[in-house]
Amino acid sequence: MKYLFGRRRTGGTGGDHAPWRSLRYRSMRWWSVANLVSNAGTWMQLTAQNLLVLQLTGSAAATGLSLSVQAGPGLLMGLFGGAAVDRWPRKLTAGVSQAMLGLVAFATAFLVATDQLSYGVLMALSAVTGIIATVDGPATSLLGNDLVRREDVPSAIAVGSLVHSVGRLGGTALAGVAVGVLGTGAAYAANGFSFLFVAAVIPFLRPVSQALRGAGAGAGADEAAAEAPVSLEKAAGAEKAPKPVAEPADPKPAADPEPAMTAREGIAFFMRRPRLVALAVITGLSAIFGRNYQLTLAVLVTGPLSAGAGAFGTVSSVLAAGGIVGAILAARLRKPSVKLVGALAAAGGLLQAVAGLSPSLILLLVLVLPMSVVESVSDTAGTTVLQTDPPANMRGRVLGVWRSLSTGWGLVAPPLLGLLMEWAGARGALVAGGLIIAAVTGLGAVLHTRKGTIRTAPADAAAYRTAA
């Protein structure tokens with residue numbers, strides 16, 4: 001427990017590993033509150049949307065299609081959304097995209113309240129939401145990272161994961177109350193207000209680089225010091241916090257002779273950055289052959305293990321608990337690497353293979369907990385590498401490439417896994433999938449070791465114009 005909730009280190013060279021250290025930044029605290037409100041509103045809307053589609057069509061397939069229509073733009077337009085984030089001011093981009101998402105939610109609420117919403121109109125609104133999200137996703141992710149120093153990004157990402165989990169639970173519960181008491185439109189209206197709340201908070205956020213630059217500017221020094229991290233005990237008034245030592249922020253992009261920042265540059269950078277390609281391979285394998293536990297474990301529990309739906313509910317609860325523990329552990333990381341992500345993926349694959357052979361529900365529960373912990377730590381480590389490895393002027397486009405990739409394997413994974421389960425059953429799918437993940441990841445590590453140091457791509461967007 002001390003490892004999970006350790007205090008800030010004040011001496012030595014190891015640095016601060018406290019899991020909640022990102023919350024010492026005032027802007028990050030505000031951003032976390034805003035994200036909690038936004039996540040709760042989003043899950044209220046998603047829950048209400050499923051109910052609304054069922055009311056309009058009576059078809060479960062139509063419900064799934066509505067979710068696919070909303071996710072689809074990420075596959076086709078993720079690259080362009082990332083390029084827009086690199087080209088436009090980040091706070092302005094995030095604020096405008098949040099306001100636009102709020103307007104779409106309010107428009108849907110109005111159409112529901114006036115009984116003018118048809119299934120076709122709902123599909124169109126879902127597509128518009130998906131298009132806006134291709135810009136909003138990378139903009140808000142990178143804005144959150146701008147609020148803390150580089151070594152505290154893992155903590156910020158892990159805190160965001162916890163906020164997402166809490167918002168999901170709260171939003172789903174609130175959706176039932178809102179729909180039951182006020183109707184489906186109320187959930188959309190609540191989500192609209194949650195977006196406007198985030199948009200209202202964004203102008204007051206102060207990126208850490210801006211605070212550090214103003215640290216020596218007279219009256220601005222005190223305000224800058226308030227943005228730097230302080231211990232939770234000192235924040236409570238125990239003693240005055242020392243002024244932060246200015247650290248260099250991410251290098252400012254060099255003057256660009258060409259004003260356009262194209263998606264093609266992002267693709268060229270990504271493909272010539274071996275660690276990003278390796279991260280994509282590892283994550284894609286895990287997404288396709290593992291992690292779809294709501295499907296594989298559900299079939300295993302209700303089939304070969306002859307347990308009921310209640311038993312799978314217990315398995316799901318253990319998965320959720322492991323995810324929370326993993327997020328706290330991951331928040332202690334400072335400089336995660338692709339090697340760490342690969343090692344965790346291989347470990348998770350082996351645990352999954354053993355879980356597939358579980359003769360009883362008890363043994364399955366024992367294995368599910370570390371599986372979930374490893375997955376959560378791996379996710380945070382991978383996201384940190386993805387969002388900090390590229391230079392600042394390329395990060396939006398890199399996240400755009402990643403969004404297209406992740407949407408692609410998200411669409412491919414369920415049918416492929418379904419075919420594997422048809423052929424090998426639930427046990428066979430878990431065992432084969434886990435061994436594939438471990439084998440490919442291990443092979444990649446061996447090849448990397450034999451090859452030696454991998455050449456790193458130049459961290460300058462201008463170097464990719466000819467390649468693109």
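These are my notebook entries on a few features I looked up in this predicted model.

**Entry 1: a nonpolar patch**

Helix H2, which covers residues 60-87, gives the most to the patch, with four residues. I then turned to leucine 411, and I noted that its place is in helix H16, residues 395-451. Its relative accessibility is 42%, so I wrote down leucine 411 as partly exposed, because that term covers values between 20% and 50%.

**Entry 2: aromatic pairs**

Next I looked up how aromatic rings pair, keeping in mind that a pair of rings is described by the distance of the centres and the angle of the planes. The count comes to three aromatic pairs. One of them joins phenylalanine 106 and phenylalanine 193, with 5.0 Å from centre to centre and 80° between the planes, and this pair is edge-to-face. Phenylalanine 106 lies in helix H3 (residues 90-113) and phenylalanine 193 in helix H6 (residues 184-201), so the pair ties together parts that are 87 residues apart in sequence.

I went on to phenylalanine 270 and tryptophan 402, whose ring centres are 6.4 Å apart and whose planes meet at 45°, so I recorded the pair as tilted. Phenylalanine 270 belongs to helix H10 (residues 263-271) and tryptophan 402 to helix H16, so this pair ties together parts that are 132 residues apart in sequence. Both phenylalanine 270 and tryptophan 402 are buried, and together with Trp409 they form one aromatic cluster.

**Entry 3: helix H3 and what follows**

I returned to helix H3 to check its length, and its 24 residues, at 1.5 Å a residue, should span 34 Å.

**Entry 4: serine 126**

Last, I looked up serine 126, which lies in helix H4, residues 119-146. With a relative accessibility of 3%, serine 126 counts as buried, because the cut-off for that term is under 20%. Which residues does serine 126 touch, not counting residues up to four places away in sequence? I found contacts of serine 126 with Gln49, Ser66, Val69 and Gln70.

Conventions:
Residues numbered from 1 in each chain as written. Predicted model: local features only at pLDDT ≥ 70, side-chain atom pairs only at ≥ 80, totals over all residues. Heavy atoms only, no water. Helix = DSSP H or I, 4+ residues; strand = E, 2+ residues; numbered from the N terminus. Buried < 20%, exposed > 50% of the residue type's maximum accessible area, 1.4 Å probe, protein only. Phe/Tyr/Trp six-rings, centres within 6.5 Å; stacked < 30°, edge-to-face > 60°. Expected span 1.5 Å × (residues − 1). Contact = heavy atoms within 4.5 Å.
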